[in-house]
Amino acid sequence: MIRPVLARRERVWPATQAFAFLVGIAVALVLGLILLWTSGHNPAEVYERMFDSAFMGTDSLSRTLERATPLALTGLSVAVAGSMGLWNIGAEGQMMAGAIVATGVAMMADGLSGPLLIALMIVAGVAGGMVLMLGPALARSHLGVSEIITTLMLVYVAIRVVEWLETGPWKDPESFGFAVIEPVPEQAALPGLFGRANIGMLIALGLLIVFWLAVSRTAWGYELRLAGSSPNTARYAGVSLRRKILTALLLSGGIAGLAGAVQLTGSAARLESGLSNGYGFAGIIVAALALMRPSGVAVVAFVFGAVQVGGQSIQTLGVSSAISDILQAMILFGALVAAVFFNYRIRWTGPAADSSGDEPEEPGEPDEPDEPDEPEEPEPAEDAA
Amino acid sequence: MASSDADHAVWLRGIEKRFPGVIACAGAELRVRPGTIHALLGENGAGKTTMVNVLAGVYRPDGGEVWVNGQRRFFQSPADAIAAGVGMVYQEFRLVPTLTVAENIVLGSAPRLLRSAEIEERVAELSAAYGMAADPTRPVWQLSMGERQRVEILKALWRNASVLVMDEPTAVLTPGEAAELGAALRAMADDGRSVIYISHKLDQVVAFCDEATVLRQGKTVATVDDLQDVDLTELAELMVGSSEGGYVDRPPDLEAGPEVLSLQGVSALNDRGLPALVDINMTVHSHEIVGIVGVSGNGQKELAEVINGLRRPTQGRVTVKQQDVTDASPGDRYRLGLAYVPEDRLGVGLAPKMSVVDNSIVRSYRLQRRGLMLVMAKCVKFCQGLVERFGVRTGRLNDPIAGLSGGNLQRLLLGRELAEQPAVLVAAQPTRGLDVQGVAAIQSHLVDQRSEGVGVLLISEDLDELLALSDRLLVMYEGRVVSELAPDVTPRSVIGEAMAGQVRA
């Protein structure tokens, strides 16, 4: 019987993941083409419209950057947890929590000047995201409860809280009976840069750089990497795993909350249940494609922003904007499969080819340097000290 | 091709096997006659494990032929090898702890209708036939290491293995259990089965085995038809390719200095919550090497962990340089002068996926800072210093450390621990699995440290190493220090008795 086995390549190209990402985009475009074709659209026309609306002209580019901003922030949020081997699946909820607290601050302090109010709202956003993460973080660090489940479940709690605020305590009395919350004060709008892009983009970019420096160039980041890659070595070095898990998760929640506040002051007029708009979940894909690296987060967020803007624009052609969700997912699948083939090759083995066979290997072996850093479950922390 | 030689149970012919960057086997031969116990000898990395994994269907060879019982075989998987009568007993047992002995034995080859009483009866018959007592109804987690090994062997016999491969079988056994194993293996050989026996313990090889094949660097360098005709040193010479012994000279006598490490009435539990250490009292002084002797699993691992703050004692005090560190973190203990080479190098001592540089600063990264930032140039310089001073052979310093060989990993680890002149060094199995040069290098570092005034606690399973290096020997049995012996005047038989728990008052 002849059958295929995966054998690890002896030599893996540098920057494998970048190639995998490009392959993923190509795969997504081809599959999307088939999808558009079979549903009776002209793929060339649709793709042209998508490309034009995302890249051609400063206005288009500014829309792409506007979309890329929350994606970069949620992607960073997931990447911070991911570099410790933890999965924050609930950035969507923490974004909401950040926006809720920021809105509350705006309501209480709407007399303040713009810059001060914005700063306060952003701090409030960070705090809100952290508060929502506090439970999952403590449960993870002290009891070993999977943060994947707890963070995900709190997403729905946060969205329901917004719905309750909309219909109840924060309902705008001047809304003619519509269940909406009053808009944030005018002076709390983030200053624009050009077109629809605002300084939220610079905040995201700045945070990516700070995070990159912190992880690769500070003792704190070194401890984080050590704890994420080999928990027992970290314990041996005297690093408190509990503290590291807590910090990474709270930071992750705080950054997602900041994304909520930036979205609220930058793009949305008011707090509403649609504010997070799937950015938190898309951030998981962004971080995974970026292998938890800040530079990758920036690139992937930009591409995803373009795909989303493109997806919006083709609705006038009668195409559902869901095509952008499908394309994003296809990029991930394409890139994951491509990454496997960049790191492994197929060998056909059987009796005839026996003498040249390689041992089968599962993709994702732990010692594979270029493999997506599959966040491993750290042991439940038991610090002796 | 017809069977060219029927007089073999196993014939591995011209086996070649390459792994990325490594040639594990380069035309190695292994021929085992039916009804014999055949020793497969060689240093670590000589290709022994690769050879038996080819035989067990785990690896497909890049070249060469596999013959079992007169038939050429092309194993696609371990299942094919099992079907052909090859039974493998790995060093790490592959049993399900929560299942019973009988359930483990039939796992994977269970009859469709599982009648446990019948199976248990047949298992009991099988174990009686080879003198391997094992209660088929007991869950495996309750068994000792020796008993678990019996279950592994019975599992292979249940599947009708005509060739049994044993990888370092006596590493986990007491001397008494090892003798029992030898008898059981002999009974199987008398029954017409063949045994391939991989071990580093040459005295046992000579006691148990009929023939031997010696591998070196992936090639067969010698075959011995009758082991009774050779003596131990000859075998050792064949393995290492020269007559160097691997053990450094006994260090000169030194006056022991002040106490640097003490344990006072320390008790601790193991991972399963059972007592692992019971009322341990010991001291280590400057200028001495204290050896911990014992069959593995008698509390040595927990002892090292308690001393280094990775396991909390339930009772007692630990002091370093007269200061109480019972509640101090591992990092604080290190800063006080306690260095530690853990048994588990890759995974505890070193982070496999991180770079050589990152691993070299595990202890000292706080010193490589300017403000908040790590100064990368300083880190690299520190790493280069270790690499040069301790002769670590490494590729690029930014590559993951998992690519280094065992000996180089250990050189780097030991170098890192010694970088800041510790007062105490706890070294757990520091030379296990290393080649001759590696062993000699590590041992001479230990001796040098002793000369410089470090107190060394050496935990080892290698009695020769302990006898060669230690000033005092402490024998551990079932979590207690059962006796203190002087290495140069104590007969080995007395040490052996103490290790087996038969202490003379």
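## Model and confidence

The model is predicted. For the complex, the predictor gives an ipTM of 0.76 and a pTM of 0.72. Chain B has a mean pLDDT of 85. In that chain, 90% of the residues reach 70 or more.

## Chain A overall

Chain A holds 13 helices and four strands. Of its 385 residues, 50% are buried. Take the chain A contacts between residues at least 6 apart in sequence: 78% of them join residues at least 24 apart.

Helix α4 of chain A covers residues 91-108. Its 18 residues should span 26 Å at 1.5 Å a residue, and its end C-alpha atoms are 26 Å apart, so the two values agree. α4(A) is mostly covered, with 15 of its 18 residues buried.

Helix α5 of chain A runs through residues 114-143, 30 residues in total. From first C-alpha to last, α5(A) reaches 43 Å. That is close to the 44 Å expected at 1.5 Å a residue. Where does α5(A) bend? The bend is at A:M133 and amounts to about 40°. A proline, A:P136, follows within four residues. Just after α5(A) comes A:G144, with a positive phi of about 75°.

## Nonpolar cores

The largest nonpolar core contains 193 residues. Which residues have the most contacts inside this core? They are A:V286, A:V297, B:V424 and B:L458. Helix α10 of chain A (residues 241-266) supplies the largest share of this core, 13 residues. In soluble globular proteins, nonpolar side chains tend to be buried together.

Neighbours within four places in sequence are left aside here. A:V297 is then in contact with A:A72, A:G75, A:L76 and A:A79, among others. Its contacts also include A:L208, A:V286, A:A287 and A:A290.

A second core is separate and has 71 residues. Its members include B:W67, B:Y130, B:M188 and B:L202.

## A hairpin in chain B

Strands β21 (residues 472-477) and β22 (residues 480-485) of chain B run antiparallel. Five bridges join them. B:V475 stands opposite B:S483 in β22(B).

How many residues lie between β21(B) and β22(B) in the hairpin? There are two. B:E478, in the turn, has a positive phi of about 50°.

How values were computed. Residues numbered from 1 in each chain as written. Chains lettered and ligands numbered in written order. Predicted model: local features only at pLDDT ≥ 70, side-chain atom pairs only at ≥ 80, totals over all residues. Pairing = 2+ DSSP bridges. Core = buried A, V, L, I, M, F, W, Y, C linked by C-beta atoms within 7 Å. Buried ≥ 20, exposed ≤ 12 C-beta atoms within 10 Å, placed from the backbone. Contact = placed C-beta atoms within 7 Å. pLDDT = per-residue confidence, 0-100. Expected span 1.5 Å × (residues − 1). Bend = angle between axes of the 7 residues up to and from the residue.
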